[in-house]
Amino acid sequence: MKKVTVAIVVIVLCVVTLLCLTGRQSGVPAEPDYTDSTQWYVRHRQAGADLFYIVSTETADYTLPDGQLCHWADTYSDSLRQPLQREMHGVDRLLSGELNFFAPYYRQCSLETFQSDSLMAERLPMAARDVGRAFSHYIKHLNGGRPFILAGFSQGAFIVLELLREMDDETFSRLIAAYVIGITVPKAEPHILPAQRDDDTGVTICYNSVRDTSCAMPGWERSGIAINPVNWATDATPATLITTPSPRHTAQTQKPDTMTVHLDTATGLLIVRGYTATDYMLPLIGIEGNYHSREIWLYREQLRQNMALRASRKLAGETP
């Protein structure tokens, strides 16, 4: 009996070891290997500063060949990588300018995850761990000591906050700014410092766009950190934004909107008036009057110019 027990223990240990080595669990995709260049989207422009970007949620629940439902992206599946790659390419085109661009593929959790806080608590940590490993690899092997911008949208924004919380002081000293786009941030923390103007560095930029405060998504009704990305004001000073409202149509086929944008200082929400597009609603979690899906598109010109400005200040050695 003792020999049988020992044999069973050995088999169990072998199975556990195999799972750890392969990064596989039942219903969970393989762990990305960030020494593998296929697990990155990189555009190196030989610039003096980088943009490290974490994509938003581009994955829905899907069924595996064995019939199990999977809640995380498989970074080795071409079909599941394509939506992530499209966002990476689009954000690089819209925001990077002359900055180098680095974006890791990661096992992001599915859109269905964001229907409840309990699902987020269960599934988001694995996505954050993947990006944490990717960021460590980037700092050690890809960054070359350059100043860098951290940016993330939606799910990616949550992960930016985790990176900031875990960041050591030496790495933080090279942070140009962190753009936490489309979510709310409860309060300032040691490495999460609210931006006060358009050119301070080592700071966090956060905004969340709605038609009015009643349109906030549950859990995102109030932010302790907020700034207006049009005029970079932290008070209620309004700004005028003129831009084409939808990325789904060409500029030639749509009339630009003239919008008024201001911060609601009581909630930290960004109030947008005059937006005419009707194709912004997210599936499953979307709310009428919540412009979450357009947080980068609407302010693309302002964000690109602001990233370039903050990077120039950091490269010039100016203090925050």
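Colleague: Which helix gives the most to the lining of the largest pocket?

Modeller: That is α2, with eight residues. The structure is a predicted model, so local features need pLDDT of at least 70 and side-chain atom pairs count only at pLDDT 80 or more, while totals for chains, interfaces and linings use all residues. Residues are numbered from 1 along each chain as its sequence is written, and side-chain values use heavy atoms, with hydrogens and water left out.

Colleague: What makes a space a pocket, and what makes it a cavity?

Modeller: Both are sets of points on a 1 Å grid over the protein atoms alone. In a cavity a 1.4 Å probe fits but cannot get out; a pocket is open, with protein on both sides within 12 Å along at least five of seven lines. Lining residues have an atom within 4 Å of a point. Grid points are joined across faces, edges and corners, and the volume is the space filled by probe spheres set on the points. On that basis the largest pocket has about 1300 Å³. Its lining has 47 residues, with Ser56, Glu58, Phe153, Leu282 and Ser293 nearest the centre. Two or more lining residues come from each of α2 (78-96) and α3 (117-142); helices here are DSSP runs (H or I, at least four residues), strands are E runs of at least two, and both are numbered from the N terminus.

Colleague: How many residues of that lining are charged?

Modeller: Nine, beside 21 nonpolar and 17 polar. Asp, Glu, Lys and Arg count as charged, Ala, Val, Leu, Ile, Met, Phe, Trp, Tyr, Cys and Pro as nonpolar, and the others, Gly among them, as polar.

Colleague: How many cavities of 30 Å³ or more are there, and what lines the largest?

Modeller: The count is one. The largest cavity holds about 30 Å³ and is lined by Met217, Tyr280, Met281, Leu282, Gly286, Ile287, Asn290 and His292. Five of these are nonpolar, three polar and none charged.

Colleague: How do you know how α3 and α4 pack?

Modeller: Two packed helices are described by the angle between their axes and the distance between the axes. Axes are lines fitted to C-alpha atoms over the stretch in contact, and angles run from 0 to 180 degrees between N-to-C directions. For α3 and α4 (155-166) the angle is about 65° and the axes are 9 Å apart. The contact (heavy atoms within 4.5 Å) includes Met120, Leu124 and Phe135 of α3 and Phe158 and Leu163 of α4. By class, that contact has nine nonpolar, two polar and no charged residues.

Colleague: Why is the pair Arg45 and Asp92 called a salt bridge?

Modeller: The term requires a side-chain nitrogen of Lys or Arg within 4 Å of a carboxyl oxygen of Asp or Glu. Arg45 and Asp92 are at 2.9 Å, N to O, so the pair qualifies. Arg45 lies in the loop between β1 (40-43) and β2 (50-54) and Asp92 in α2, so the bridge ties together parts 47 residues apart in sequence. The count by this rule is 14 salt bridges.
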